[in-house]
Amino acid sequence: MSIEVRRPLMAANWKMHLSIAEGVSFIAKLHELVGTPRDREVLIAPPYTHLWPLREPMAAAGFSLAAQNCHWEAQGAYTGEVSLAMLAETGCRYVIVGHSERRHIFGESDAWIGRKTAAALSRGVVPIVCIGEKIEEREAGLTEQVLRRQLTAGLEGISLDTPEPLVIAYEPVWAIGTGRTATPNQAQEAHAFVREWLADRFDKAVAKGIRILYGGSVKPDNVDDLMAQPDIDGALVGGASLEAASFARIVQYQRSGKSP
Ligand code: PEP
């Protein structure tokens, strides 16, 4: 797959927000506003309890369903956890892995994230592997070192013949939910580093086709500039994805020089 065919992925992470009824209305409203775009993919990651009731409205709208987390084991005595097979059964095509809130609030380690990524790939669910540095790491000049460490552990032992089964999300921790966004140049620099790392780790053509999303206070008024960067292939959106009109504008980012 070549760079020209990376289909932008505009992803909503609802975290622990919205009721099922609000989710159903959101999907109807979003579909009314954006239709089913052919040149970009629309994804929503609602809470676990919403996956089954939302699968039909999501499928009818042509949107992709994602889970926000998973466990790597197929089954077992893991109270409170949900397996990849269970997620696949609810219609999930994607799963977010290693979100910074999982890493920093719930103590998930790089090694756990690697297991989740491998398990998702083996179950045919596309992992969206989140990586990103904290502010003190950026200020100490450690951004690339942190990204390298997270990528190495998060993708340990996996092989890929094609790019489609994997998505990476670069989300600087200091930009998540803070209203502080990486500048388009800062984001592009990190994305270019990630793509180079992927090209060393996998086949070059595969690396060129892997979608790398940016996340961290993406809003209707900054999405166009971010999406104009050559290595930014989509957005993972928290706060601004909770209101259909706001997320619709993000989905409908203006291409300003870059063809999706
Ligand atoms: C996120 O949750 O992945 C995120 C980027 O949140 P926000 O858009 O609110 O910064």
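Which residues is lysine 116 in contact with, leaving aside its neighbours within four places in sequence? They are Asn69, Cys70, Trp72, Val97 and Glu108, where contact means heavy atoms within 4.5 Å. Welcome to this structure, which is a predicted model: local features need pLDDT of at least 70, side-chain atom pairs count only at pLDDT 80 or more, and totals for chains, interfaces and linings use all residues. Residues are numbered from 1 along each chain as its sequence is written, and side-chain values use heavy atoms, with hydrogens and water left out.

**The chain as a whole**

- You will find 11 helices and eight strands in the chain; helices (H or I, at least four residues) and strands (E, at least two) are DSSP runs, numbered from the N terminus.
- The C-alpha trace spans about 50 × 45 × 35 Å along its principal axes.
- Of the 260 residues, 53% are buried; buried means under 20% relative accessible area, exposed over 50%, and partly exposed in between (1.4 Å probe, protein chains only).
- The chain exposes about 11400 Å², and carbon and sulfur atoms supply 52% of that area; accessible areas come from the Shrake-Rupley method with a 1.4 Å probe, and for residues only the protein chains shown count as cover.
- Taking contacts between residues at least 6 apart in sequence, 73% join residues at least 24 apart.

**Around the ligand**

- The ligand has 14 residues around it, and Lys15, Glu171, Gly177, Ser217 and Gly239 come nearest; a residue is near a molecule or strand if one of its heavy atoms lies within 4 Å of it.
- By class, this shell holds four nonpolar, eight polar and two charged residues. Ala, Val, Leu, Ile, Met, Phe, Trp, Tyr, Cys and Pro count as nonpolar, Asp, Glu, Lys and Arg as charged, and the others, Gly among them, as polar.
- The side chain of lysine 15 places an N or O atom 2.7 Å from an oxygen atom of the ligand.
- Serine 217 has a backbone N or O atom 2.7 Å from a ligand oxygen, and glycine 238 has a backbone N or O atom 2.8 Å from a ligand oxygen.
- On its own the ligand has 290 Å² of accessible area, and the protein covers 97% of it.

**The loop between β1 and α1**

- Lysine 15 sits in the loop between β1 (9–13) and α1 (20–34). Its phi is near 50°, a positive value in a residue other than glycine.
- Leucine 18 is in the loop between β1 and α1 as well. Phi of leucine 18 is near 75°, again positive in a residue other than glycine.
- Leucine 18 counts as partly exposed because its relative accessible area is 25%.

**Buried residues in helices**

- Lysine 116 belongs to helix α5 (residues 110–123) and counts as buried because its relative accessibility is 3%.
- The side chains of lysine 116 and glutamate 108 make a polar contact of 2.9 Å. A polar contact is a pair of N or O atoms within 3.5 Å; within protein, one must be able to donate a hydrogen and the other to accept it, and residues adjacent in sequence count only if both atoms are side-chain atoms.
- Threonine 143 lies in helix α7 (residues 143–154) and is buried, at 12% relative accessibility. Leaving aside neighbours within four places in sequence, threonine 143 is in contact with Glu133, Glu137, Arg138 and Tyr170.
- Valine 206, in helix α9 (residues 204–209), is buried with a relative accessible area of 5%. Beyond residues up to four places away in sequence, valine 206 touches Leu160, Asp161, Thr162 and Pro163.
- Phenylalanine 247, in helix α11 (residues 244–251), is buried with a relative accessible area of 0%. Not counting residues up to four places away in sequence, phenylalanine 247 touches a set of residues including Met10, Phe26, Leu30, Val42 and Val237.

**Pairs separated along the chain**

- Valine 206 and leucine 160 are 46 residues apart along the chain, and their C-alpha atoms are separated by 7.5 Å.
- Aspartate 225, in helix α10 (residues 223–227), is 30 residues from arginine 255 in sequence and 8.9 Å from it in space, C-alpha to C-alpha. Aspartate 225 is partly exposed, at 48% relative accessibility.
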